[in-house]
Amino acid sequence: MGIFSRRQSAVIDPATAVGTDISDLADAPRSVPLDPAFQALTGPWTIDRSHSRVGFSVRHAMVTTVRGAFTDYDSTLYFDGARPSESRAELVVRVASVDTGVEQRDAHIIGPDFFDARRYPEMTFRSTSTSHEGGGTFRMTGELTIRDVTRPVHLQLDYLGSVLDPFGYERAGFDGTTTIDRTEWGLAYNQRLKTGGAMVSEKVRLQFDISAIRSVS
């Protein structure tokens with residue numbers, strides 16, 4: 001389902017802080033107001049794969065960017081608009097579904113040099129905490145597992161809005177991003193360039209363009 005977004009803090013007016021020592025205001029806990037409309041979104045959701053993208057981008061040969069996506073995955077989402085800390089997500093991706101638009105490159109990516117899909121057919125993300133950063137921005141921390149290596153990651157989730165579509169489905173949109181160092185998950189293959197630098201960047205940007213449909217219980 002990076003994250004490095006701006007934090008917004010509530011402003012405390014010293015004139016209305018009756019009985020409060022102004023010198024203590026700097027240490028007072030700050031709260032970020034939630035839009036009451038978020039409460040209506042509380043409940044389980046499912047990613048609509050036909051209108052979503054679980055993708056990535058990586059620098060190639062230091063001069064260009066290769067983009068790809070995974071087309072086969074399962075998801076479980078629960079959003080709590082009143083208590084964001086209760087929100088959670090799980091994503092299970094079949095790595096053999098990678099598509100960069102070049103068959104030879106895709107075969108290399110799912111081979112032993114990278115994902116080794118025969119031994120490790122899935123990568124997973126499971127959230128461990130969620131917090132409201134301000135406005136429509138949330139920070140979701142979770143565990144990303146690739147090749148049986150599990151490490152923490154932080155996602156910036158931006159809420160894009162919700163709508164009732166012409167077919168009667170309630171949809172909500174989110175953009176999620178983070179950047180990881182692939183070598184920390186054992187994806188260490190590379191070739192060095194004569195002019196310096198690497199053929200494939202170690203930094204990989206993960207991108208989640210999510211159209212979620214409210215689940216019917």
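Which residues does F115 touch, not counting residues up to four places away in sequence? The legends below begin with that residue.

**View 1. Contacts of F115 in a predicted model.** F115 touches F70, V95, I109, I110, Y120, M123, I146, R147 and L187, leaving aside residues up to four places away in sequence. Contact means heavy atoms within 4.5 Å. This is a predicted model, in which local features need pLDDT of at least 70, side-chain atom pairs count only at pLDDT 80 or more, and totals for chains, interfaces and linings use all residues. Residues are numbered from 1 along each chain as its sequence is written, and side-chain values use heavy atoms, with hydrogens and water left out.

**View 2. The F70–F115 aromatic pair.** Rings of Phe, Tyr and Trp (its six-membered ring) pair if their centres lie within 6.5 Å; planes under 30 degrees apart count as stacked, over 60 as edge-to-face and the rest as tilted. The count by this rule is eight aromatic pairs. F70 and F115 pair edge-to-face, 5.8 Å centre to centre, with 85 degrees between the planes. F70 sits in strand β3 (residues 64–70) and F115 in the loop between α1 (103–109) and β7, 45 residues apart. Helices (H or I, at least four residues) and strands (E, at least two) are DSSP runs, numbered from the N terminus. Both F70 and F115 are buried. Buried means under 20% relative accessible area, exposed over 50%, partly exposed in between (1.4 Å probe, protein chains only).

**View 3. The Y159–F174 aromatic pair.** Y159 and F174 form a tilted pair, 5.5 Å centre to centre, with 50 degrees between the planes. Y159 lies in strand β9 (residues 149–164) and F174 in strand β10 (residues 170–181), so the pair ties together parts 15 residues apart in sequence. F174 is buried, at 13% relative accessible area. F38, F79, F138, Y159 and F174 form one aromatic cluster.

**View 4. The loop residue G136.** G136 lies in the loop between β7 (122–134) and β8 (137–146). G136 counts as partly exposed, at 23% relative accessibility. Its contacts are F38, L157, D158 and Y159, not counting residues up to four places away in sequence. G136 and G161 are 25 residues apart in sequence, and 8.8 Å apart in space, C-alpha to C-alpha.

**View 5. Residues 1–30.** pLDDT is the predictor's confidence in each residue, from 0 to 100. It stays under 50 over residues 1–30. Where pLDDT is low, the predicted coordinates should not be read in detail. The mean pLDDT of the protein chain is 83, and 80% of its residues reach 70 or more.
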